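Please examine the following protein before reading on. The paragraphs below begin with one residue and then widen the view.

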Amino acid sequence: MSSTPRWQKSSFSGGAENTSCVEIATAPTTLHLRESDTPATILSPTPVALHALLTTLRNGPRTAPQG
């Protein structure tokens, strides 16, 4: 079994002209996220943190922005 993550691009990524997008890879106990134009930076959020991020992106922040 290989330990190299198998990255998948978002279905919302652009075509051949716009190749930068979010990519995701799975591991037995976590998920990994990265931006395709900076592949060395990998986020490995907990399931709770990833759920909170996706919920916030979907619904907007819970508090009004300051300023």
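**From one residue to the whole chain**

His-32 counts as buried, at 18% relative accessibility; buried means under 20% relative accessible area, exposed over 50%, and partly exposed in between, with a 1.4 Å probe and protein chains only. This is a predicted model, in which local features need pLDDT of at least 70, side-chain atom pairs count only at pLDDT 80 or more, and totals for chains, interfaces and linings use all residues. Residues are numbered from 1 along each chain as its sequence is written, and side-chain values use heavy atoms, with hydrogens and water left out.

What does His-32 touch, not counting residues up to four places away in sequence? Its contacts (heavy atoms within 4.5 Å) are Trp-7, Glu-23, Ile-24, Ala-25, Ala-27, Ile-42, Leu-43 and Ser-44. With Ser-44, the side chain of His-32 makes a polar contact to the side chain at 2.6 Å. A polar contact is a pair of N or O atoms within 3.5 Å; within protein, one must be able to donate a hydrogen and the other to accept it, and residues adjacent in sequence count only if both atoms are side-chain atoms. Leu-43 is eleven residues away from His-32 along the chain, and the C-alpha atoms of the two are separated by 5.6 Å.

His-32 belongs to strand 3, residues 31–35. Helices (H or I, at least four residues) and strands (E, at least two) are DSSP runs, numbered from the N terminus. Opposite His-32 stands Ala-25. Strand 2 (residues 22–26) and strand 3 run antiparallel and are joined by five bridges; two strands pair if DSSP finds at least two bridges between them.

The four strands form an open sheet in the order 1-2-3-4, with antiparallel pairing. Strand 1 (8–9) and strand 4 (38–43) each have a single partner strand and stand at the edges, so one side of each is left without a neighbour in the sheet.

The protein has one helix as well as its four strands, and from the N terminus the elements run β-β-β-β-α. Helix 1 (residues 47–59) contains Leu-53, which is partly exposed, with a relative accessible area of 43%.

Across the whole protein, buried residues make up 13% of the 67 residues. Among contacts between residues at least 6 apart in sequence, 7% join residues at least 24 apart.
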